[in-house]
Amino acid sequence: MSSKFSKIGFILAVAGSAVGLGNAWKFPTLVGQSGGSAFILLYIVLTLGVGFVIFLAELSIGKISEKDPVNAYKKLATKNQKSWSLVGFTMIGSILIVSFYTLVIGWVVKYAYLSIIGRLPDNLKSSALDFNFLINHDFLSQFICFSLVFFIIFYTVSKGIKNGIEKLNIWMMPSLFILLILMLIYAMTKDGFIMALKFLFVPDVYKINISNTLEALGLAFFSLSLGVGTIITYSASLPDRTNFITSTLNIIFINLLVGLLMGLVVFTFIFEFGYDPNQEGPGFVFVSLATLFQKLDLVGHIFGAAFFISLVFAGITSAVSMIEPSAFYLINTFKMSRKKALIFIGIFVYILGILCILSSLDATQFKILGMSFFELLDSFSSKIIMPLGGILAAIFVGFVIKKETLKILFQPYMSGIFFEIWYIFVRFISPLAVMAVLITKLIGFV
């Protein structure tokens with residue numbers, strides 16, 4: 001890469017990668033389904049015990065090699081272990097994700113527009129019908145919104161690390177927090193806010209079980225963008241003498257804070273109007289919350305627009321991070337210009353995105369293994385590629401990279417007993433924990 005992040009730029013860029021649409025609907029949905037504060041407690045513990053450990057493992061690969069994922073594994077492996085470079089190709093998962101993720105951000109853009117003009121549905125039945133019409137019949141709206149988001153994402157990445165990705169995150173991440181805080185202040189004036197506080201922060205340990213433990217572990221892992229080369233790539237541009245331990249903790253804190261702020265706002269409105277917090281996926285945002293904002297009249301239009309715009313910000317910062325690993329690889333390996341590399345990737349992403357739109361339309365619906373193309377990309381990337389990439393990264397750091405090399409890297413920031421504990425976790429505990437998530441998801445146990 002032609003330039004490196006500043007220290008704050010690195011934190012905001014990686015936090016932007018971690019903070020995505022999942023903080024808006026996946027986090028509150030899982031909290032609602034899995035015991036409220038009990039799930040949050042599990043999520044915090046597992047984020048620190050597993051996510052933090054593997055995050056540092058991927059950061060180590062990127063920082064020591066200063067290469068893209070494929071060439072990072074190739075450079076750090078011994079002469080007889082060059083096949084480890086194949087692990088770097090898990091970065092294809094990020095391309096699959098951004099293909100359907102860009103479409104979802106496009107849906108959010110559509111709802112932000114409807115909020116601004118005051119055209120959100122005013123009851124759950126019509127709201128569900130409107131959302132169903134959008135994803136199953138309205139090709140034109142999806143195509144326009146998808147294309148708009150697509151060009152914003154690729155234009156940002158085309159500007160490079162310093163002038164593109166860092167500048168975007170330095171502007172969008174604080175804007176996201178400001179919008180969330182404004183919505184939180186408004187939510188605090190509602191009766192549902194006290195109920196939301198109790199639901200999120202009053203512990204109920206009896207609701208902890210194996211099912212929500214595994215769900216919390218999965219969310220802790222996936223919400224940090226592990227396993228698809230993003231952290232390795234960003235870490236290759238980590239400025240020298242950066243305390244990456246505190247930087248990582250700051251990133252985890254920002255990710256958790258955004259999730260809790262989103263949760264407080266969402267559950268305040270849900271409880272205020274007596275709705276069921278046990279909602280599924282995108283319906284949580286595009287059906288229930290859209291209706292709630294419309295019921296608040298002018299204030300609802302303002303806060304609805306702010307909410308959906310904040311989701312656009314969160315989504316774009318995540319999507320931008322997913323493009324960079326493959327771009328960095330093409331630039332390094334084939335000596336492409338950044339523009340040429342992005343054109344190549346962009347064509348691939350755009351075609352996959354259009355296929356995602358077409359696969360959900362009633363008129364052209366087609367299934368692969370009983371799933372739409374959208375669902376197939378989502379399932380393959382999140383249930384197979386990401387956990388597999390995380391497991392292999394931990395094993396590579398724990399058993400291939402020399403311990404002394406890691407000690408030198410960590411020496412100024414983490415040494416002694418703390419390093420030894422992390423080393424045990426990265427070799428055995430964390431990969432086994434992620435493997436448990438991978439296996440249970442694959443066999444449909446959870």
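This is a predicted model: local features need pLDDT of at least 70, side-chain atom pairs count only at pLDDT 80 or more; totals for chains, interfaces and linings use all residues.

Visitor: How many residues does helix α10 have, and what distance does it reach from its first C-alpha to its last?
Guide: Helix α10 runs over residues 210-222, which gives it 13 residues. At 1.5 Å a residue 18 Å is expected, and the reach from the first C-alpha to the last is close to that, at 18 Å.

Visitor: Which residues of α6 are buried?
Guide: Helix α6 covers residues 124-136, and its end C-alpha atoms are 18 Å apart, which agrees with the span that its 13 residues should have at 1.5 Å a residue. At the start of α6, a side-chain oxygen of N123 reaches to within 3.2 Å of the backbone nitrogen of K125. The buried residues in this helix are S127, F131, L134, I135 and N136.

Visitor: How many disulfides does a search of the whole structure find?
Guide: A disulfide needs two cysteine sulfur atoms within 2.5 Å. For C145 the nearest cysteine sulfur is that of C356, 16 Å away, and C145 is in no disulfide. The search of the whole structure accordingly returns a count of 0.

Visitor: Is C356 buried or exposed?
Guide: A residue counts as buried when its relative accessible area is under 20%. C145, at 12%, is therefore buried. With a relative accessible area of 0%, C356 is likewise buried.

Visitor: Among the aromatic pairs, what kind of pair do F27 and Y43 form?
Guide: The structure holds 36 aromatic pairs. The ring centres of F27 and Y43 lie 5.6 Å apart with their planes at 65°, and planes over 60 degrees apart count as edge-to-face. F27 lies in helix α2 and Y43 in helix α3, so the pair ties together parts that are 16 residues apart in sequence. Both residues are buried, and their pair is edge-to-face.

Visitor: Which helices hold F399 and F428?
Guide: F399 and F428 also form an edge-to-face pair, at 5.8 Å centre to centre and with 80° between the planes. F399 is partly exposed at 43% relative accessibility, and F428 is partly exposed at 40%. The pair ties together parts that are 29 residues apart in sequence, because F399 lies in helix α16 and F428 in helix α18.

Visitor: Which residues do ring pairs link into a cluster?
Guide: One of the residues in this cluster is F131, which is also among the buried residues of α6. Ring pairs link the cluster F100, W107, Y111, F131, F286, F293, F307, F308 and F374.

Note on methods
Residues are numbered from 1 along each chain as its sequence is written. Side-chain values use heavy atoms; hydrogens and water are left out. Helices (H or I, at least four residues) and strands (E, at least two) are DSSP runs, numbered from the N terminus. The expected span of a helix is 1.5 Å times one less than its number of residues. Buried means under 20% relative accessible area, exposed over 50%, partly exposed in between (1.4 Å probe, protein chains only). A polar contact is a pair of N or O atoms within 3.5 Å; within protein, one must be able to donate a hydrogen and the other to accept it, and residues adjacent in sequence count only if both atoms are side-chain atoms. Rings of Phe, Tyr and Trp (its six-membered ring) pair if their centres lie within 6.5 Å; planes under 30 degrees apart count as stacked, over 60 as edge-to-face and the rest as tilted.
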